[in-house]
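Visitor: Could you walk me through this one? I would like to start with the strands and then move on to the helices.

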Amino acid sequence: MSSATTGTDTGPAIRIEGLSFSFGLAPVLQDIDLEVFRGEFMGLVGPNAGGKSTLLKLILGLLRPQSGRIRVLGAAPEEARRRVGYVPQYPSFQRDFPISVEQVVLLGRLGSTPSLGWYRRADREAALHALAEVEAADLARRRIGTLSGGQLQRVLLARALVGEPQILILDEPTANIDQRAEGDIFDLLAMLNARLTILVVSHDIAFISSYVDRVACLNRTLVCHRTDAIDADLIHQLYGEAVRSVAHRH
Amino acid sequence: MSELLAPFLQALTDQPFLRTALLAGLLASVGCGVIGTFVVVKRIAFLAGGIAHSVLGGMGAALYFGIDPLLGALGAAVLSALIIGSVRLAWGAQEDTLIGAIWAIGMAVGILFIAKTPGYSTDLMSYLFGNILLVAPRDLWLMALLDLVLVATVGLFYRQFLAVSFDEEQARLRGVPVGLFYLTLLCLVAVTVVLLIQVVGLILVIALLTLPAAIAGHYLHSLGGIMLVATLLGATFTSAGLALSFTPDLPSGPTMILLAGACYVVSAVVSMLLKGYRARRLARIGARTR
């Protein structure tokens, strides 16, 4: 408890204690405890409507927990937000918005650049660098609405990286793209993991277990597993009987 | 065409009120270009319509109490914008019902005040459908001031307005005070509505606010470009509408709107055909390279 309150740089990247959340009368998350260590690559899996996206929104401070507490980089989620990069499952914008890829990525610099006036040269360089890092530099001039699913996912990743975050949070980054592109994205994440803590939500436990260090299984309650402990039994338990798993307890 | 325009150009040189009207149209087009673009890309035309109609409440009250109706309009527009915006931020849902309510309540209040104001009911038509020829020279100064406020605010915080229009969730995550900028944007919409009411009246405002930006959006894919072209289009529609309506003595507001509406329909068809043509050409090139 004491290390969480001091807010030092040595604590875990994300610490969640006794977290519960419900939308109206429907409980979504119950008594969640979770620590994501610095430099870790953690997967978060679970059935649909198991509360995965809700947990991410709580960590990002977009929702407030009804009970329990969340510390991100030793601070409250709202305060730590700018040091966190987020790639949403569904882009929360209109695809036909008149904006170029470069401008979308530059918007990720807000909060890291003076708020009055225009972007600085450092911002433009950071944007181009981030696009190059996700191998999307050639898309800079394209309109956002003309991208394919895989290209858009890379651009959203660049937008998350351009603010120089310490934690990267991704919600189903490969849900809308083909399998080869899925592998490419995860190879990229594995490379980024050298400098970033990564928390990635997926419904595909078999696929991500070859990339991540630890898997947290979320179905209203949460249990962590080391990657090497994942076997057919566990997968079956989570997905094999999806109907029953709504009520299952770990 | 020349026999239609010659009397207008002649009158422009020796009738000061016509010059004032032309200037009013040009001043209003700045708002319709800059803020109209946000209204179109953020898809808040219905919201802007609600603000525009509720303005009648402010105008009626101002008339009744003997204040400048333009100031009454400005007050009512900003108040409506803040009510609609705050409720959306606080509760999220049911925005459209609320807008409809503000829309109708504002008009009802306005009609009651106007009915109880001695000797003024004849002016109702010019509030509803505008009469650019009634713009007083001193109104031009207020319009210019409002333009300055619009352009300065958008110029200083362009990136934040872009962020809030494009992706509110992402803007919030980057520490942009989304609520503040959203409410400010709605207040700018309110100011623009008041500018445009001078020209086309509160019922037709919504067309002048959205059509120029929508036409520009058919061909341009950057916010700044759309703003510039929409401003020029707005200036064209108001000036040309004024000129075309002069000789046959037509109401100028509806003439401008019909002109803008016709251009919009033509542009929508052209841009659709253009898109189809480009897609076919791309497919042909693709087939050849394979």
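Visitor: How many bridges join strand 1 of chain A to strand 2 of chain A?

Guide: This is a predicted model, where local features need pLDDT of at least 70, side-chain atom pairs count only at pLDDT 80 or more, and totals for chains, interfaces and linings use all residues. Residues are numbered from 1 along each chain as its sequence is written, while chains are lettered from A and ligands numbered from 1 in the order in which they are written. There are 7 bridges between strand 1 (residues 14–23) and strand 2 (residues 26–36) of chain A, which run antiparallel; strands are DSSP runs of E, at least two residues, numbered from the N terminus, and two strands pair if DSSP finds at least two bridges between them.

Visitor: And which residue is the bridge partner of F21(A) in strand 2 of chain A?

Guide: That is L29(A). In the hairpin of these two strands, with 2 residues between them, G24(A) takes a positive phi near 60°.

Visitor: What stands opposite E17(A) in strand 4 of chain A?

Guide: R69(A) does; strand 4 (residues 67–72) of chain A runs antiparallel to strand 1 of chain A, with 5 bridges joining them.

Visitor: Switching to chain B, how many helices and strands does it have?

Guide: Chain B has 12 helices and 0 strands, a helix being a DSSP run of H or I of at least four residues.

Visitor: What share of the residues of chain B counts as buried?

Guide: Of its 290 residues, 47% are buried, that is, with 20 or more other C-beta atoms, placed from the backbone, within 10 Å of their own.

Technical notes:
Buried ≥ 20, exposed ≤ 12 C-beta atoms within 10 Å, placed from the backbone.
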